Amino acid sequence: MNLRNYTFDIVKWAALGCLFLSVLACTSGTQGPNTPEPNTGAEPVVLPPFQTGAEVLVAADFTPLAGKRVGLIVNHTAIVGDEHIIDAIHRAPDVELVALFGPEHGIRGDEDAGAQVQDGIDQQSGVPIYSLYQGDTRKPAPESLQGIDVLVFDIQDIGARFYTYISTLGLAMQAAAEQNIAFMVLDRPNPLGGEYVSGYVLEEANTSFVGQYTIPVAHGMTTGELARLIKGEAYLEGLENLEVSVVEMEGWSRNMTWDQLNRPWIPTSPNIPDVETAFVYAGTCFFEAVEASEGRGTRTPFVQVGSTWGNADDLVATLDTYQLEGVDFEPIEFTPMSIEGMSSNPRFKDQQVQGVKQVVTDYQAYRPIETGIHVLHAFYTASPEQADFINERWLRLLAGTDRLRQALVDGSK
């Protein structure tokens, strides 16, 4: 199966382009600079130095939050300079920090994927922390929002639909709307850039916490743009009267990937330790739904994948025939182990596996989803037990459709 010829849902998504742009233009309450006008003269457009929405807010002395009682939805990525946005807002003279809300992986980002996050008190500020990842809790409860004027979201996303922070974003917007509370997003860049859009568009029947919206796997949007789209497209009920504002970034353009920002990478979760993993994850996360190791239990999860039955050299030889751009493949052996703070009980724990390691050589040319599915198909065709290789339900939820499974099966014939 040559997936270069396989058609994803880009045409369908592109058809929404005009509507998407109108949503961005018409949503009220935006803070920060407008998108630069097209350059029609001889002089190139010179963008200001890059700043996140949080940095723009701090530079503005928190003016948009003046006199407000604030709830913060944050994790450890919400850094401004050398401090957390929690501490900066708590210190602001005319802003009252009322509550903190922690998503999957927690306020400090040190919980395993899927691990329960507990309520508590932030030791630095003394402000109560409410978990958004405990039991069935996925959005702020009404009682936790009492006394809040504006709910502020500041979490670095990685541009993949199944990364759960954007599900938390929408559910928090819904909770704010239910309590007539304003919602503000401090925007941060999409590490994959704003031009790479790929993968299946989620079918509504497959909606889950790893897929809340009918968007492609790689959606090409920043968190602020997603918030506007979620409201404008009514992806969740009850948002029509929600006041949404976005403190926009400065110095960012759509063609920028993370490697062009000259910023250190803060691990967005324990198993996304560096920017290379953030890129590769959009394609190799599908390995969570098959009888193989997605690399958890090692220091390079998702970048390397393997199986107990695989032959590393044969897998790499197969992948090299595709001549995929921006990536090299290396044969590898590894043994998943319990690693505190990353993965306590990885698949194939203490068993040696063979597989493939991706080495990204050109972030602009690299296509993570297309590459990841090529790797997935190489493993599927080599599997001695193809009938048992795929967890159909989980792959359907991650892909947002059953079409990926069907493509793997049909392409192996």
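In the predicted model, Phe286 touches Phe162, Val217, Ile373, Leu376, Leu395, Leu398, Ala399 and Leu404, with residues up to four places away in sequence not counted. A second, separate core holds 27 residues, including Val56, Val74, Val95 and Leu100. The largest nonpolar core has 97 residues. Within this largest core, Phe183 and Phe286 touch the most other members. Helix H5 (residues 165–178) gives the largest share of this core, with nine residues.

Aromatic pairing was examined next. The count comes to 14 aromatic pairs. One of them is formed by Phe162 and Tyr281, whose ring centres lie 5.6 Å apart. The planes of these two rings stand at 75°, and planes over 60 degrees apart count as edge-to-face, so the pair of Phe162 and Tyr281 is edge-to-face. This pair links distant parts of the chain. Phe162 sits in the loop between E7 and H5, Tyr281 sits in helix H7, and 119 residues separate them. Both Phe162 and Tyr281 are buried. Tyr281 also pairs with Phe302. Here the ring centres are 4.9 Å apart and the planes are at 85°, so the pair of Tyr281 and Phe302 is edge-to-face as well. Phe302 belongs to the loop between H7 and strand E10 (304–307), while Tyr281 lies in helix H7, so this pair ties together parts that are 21 residues apart in sequence. Phe302 is buried, as is Tyr281. One aromatic cluster is formed by Phe162, Tyr163, Tyr165, Tyr281, Phe286 and Phe302.

Leu404, a contact of Phe286, belongs to the buried set of helix H11 (residues 403–411). Helix H9 spans residues 368–382 and contains Thr371. Thr371 has a relative accessibility of 2% and therefore counts as buried. Leaving aside neighbours within four places in sequence, Thr371 is in contact with Leu324, Val327, Phe329, Gln358 and Tyr366.

Strand pairing was examined around E4. Strand E4 (residues 96–102) is mostly covered, with five of its seven residues buried. E1 and E4 run parallel and are joined by five bridges. Arg69 has Glu96 as its bridge partner in E4. E4 also pairs with E6 in the parallel sense, over three bridges. Gly102 stands opposite Ser131 in E6.

Charged contacts complete the picture. The whole structure contains 10 salt bridges. One of them joins the side chains of Arg69 and Asp149, at 3.0 Å from N to O. Arg69 lies in strand E1 (residues 69–74), and Asp149 lies in the loop between strand E6 (128–131) and strand E7 (150–154), so the pair ties together parts that are 80 residues apart in sequence. Arg69 has a relative accessibility of 35% and so counts as partly exposed. Asp149, at 28%, also counts as partly exposed.

A salt bridge also forms between the side chains of Asp154 and Arg188, at 2.6 Å from N to O. Asp154 is in strand E7 and Arg188 is in the loop between strand E8 (182–186) and helix H6 (223–232), so parts 34 residues apart in sequence are tied together. Asp154 is buried, with a relative accessible area of 0%. Arg188 is buried too, with a relative accessible area of 6%.

The side chains of Arg228 and Glu248 meet in a further salt bridge, at 3.0 Å from N to O. Arg228 lies in helix H6, and Glu248 lies in the loop between strand E9 (244–247) and helix H7 (275–284), so this pair ties together parts that are 20 residues apart in sequence. Both Arg228 and Glu248 are buried. Salt bridges with shared partners also join Glu288, Glu294 and Arg296 into one network.

Methods: Residues are numbered from 1 along each chain as its sequence is written. This is a predicted model: local features need pLDDT of at least 70, side-chain atom pairs count only at pLDDT 80 or more; totals for chains, interfaces and linings use all residues. Side-chain values use heavy atoms; hydrogens and water are left out. Helices (H or I, at least four residues) and strands (E, at least two) are DSSP runs, numbered from the N terminus. Buried means under 20% relative accessible area, exposed over 50%, partly exposed in between (1.4 Å probe, protein chains only). Contact means heavy atoms within 4.5 Å. A salt bridge is a side-chain nitrogen of Lys or Arg within 4 Å of a carboxyl oxygen of Asp or Glu. Two strands pair if DSSP finds at least two bridges between them. A nonpolar core is a set of buried Ala, Val, Leu, Ile, Met, Phe, Trp, Tyr and Cys residues joined through side-chain atoms within 4.5 Å. Rings of Phe, Tyr and Trp (its six-membered ring) pair if their centres lie within 6.5 Å; planes under 30 degrees apart count as stacked, over 60 as edge-to-face and the rest as tilted.
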